[in-house]
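Here is a short report on one chain. Look at the fold first, then read on.

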Amino acid sequence: MKIPTFLALFVLASGLAACTTLEQRVSGAAVGAGTGAVVAGPVGAVVGGAAGAVSAPAVVRTTRRATR
């Protein structure tokens, strides 16, 4: 396995482990992948999916606090 591939998988796995629920991970990944695919094609879909899965719990927490 090449070093960049291994590093990318490690970062993705550690980022997904930080999420609190499966629902937040899946929905964040789906939104991120869709947005990334529109903006930058297949590479954007992968990067957007990873970024969406990692950032989704923080966004959900912030919006829940704001609506209370």
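In which helix is Thr35 found? Thr35 is found in helix α2.

## Basis of the model

This is a predicted model, where local features need pLDDT of at least 70, side-chain atom pairs count only at pLDDT 80 or more, and totals for chains, interfaces and linings use all residues. Residues are numbered from 1 along each chain as its sequence is written, and side-chain values use heavy atoms, with hydrogens and water left out.

## Overall fold

The chain has two helices and zero strands. Both terms refer to DSSP runs, numbered from the N terminus: helices are H or I with at least four residues, strands are E with at least two.

Of the 68 residues, 19% count as buried. Buried means under 20% relative accessible area, exposed means over 50%, and partly exposed lies in between (1.4 Å probe, protein chains only). Take the contacts between residues at least 6 apart in sequence: 52% of them join residues at least 24 apart. A contact means heavy atoms within 4.5 Å.

## Surface and helix α1

The accessible surface of the chain comes to about 4,900 Å². Carbon and sulfur atoms hold 73% of that surface. Areas come from the Shrake-Rupley method with a 1.4 Å probe; for residues, only the protein chains shown count as cover.

Phe6, Leu7 and Phe10 make a nonpolar surface patch of about 340 Å². Patch residues have over 30% relative accessible area and no salt bridge; like charges are joined within 9 Å, and nonpolar side chains (Val, Leu, Ile, Met, Phe, Trp, Tyr) within 5 Å. A salt bridge puts a side-chain nitrogen of Lys or Arg within 4 Å of a carboxyl oxygen of Asp or Glu. Phe10 sits in helix α1 (residues 3-17). Phe10 is exposed, at 52% relative accessible area.

Helix α2 covers residues 22-66, 45 residues in total. Its end C-alpha atoms are only 22 Å apart, short of the 66 Å that a straight helix would reach at 1.5 Å a residue. That expected span is 1.5 Å times one less than the number of residues.

Where does α2 bend by about 155 degrees? The bend is at Ala40, and a proline, Pro42, follows within four residues. The bend angle is taken between axes fitted to the seven residues ending at a residue and the seven starting there.

## Pairs across helix α2

Thr35 counts as partly exposed, at 47% relative accessibility. Thr35 and Ala45 are ten residues apart in sequence, and their C-alpha atoms are 7.1 Å apart. Val46 and Gly36 are also ten residues apart, with 7.4 Å between C-alpha atoms. Val46 is exposed, at 62% relative accessible area.

Gly28 is one of the buried residues of α2, which also include Gly32, Gly36, Gly44 and Gly48. The C-alpha atoms of Gly28 and Ala50, 22 residues apart along the chain, are separated by 8.5 Å. Ala50 is partly exposed, at 26%. Val59 lies 31 residues from Gly28 along the chain, with a C-alpha separation of 9.3 Å. Val59 is partly exposed, at 48%.
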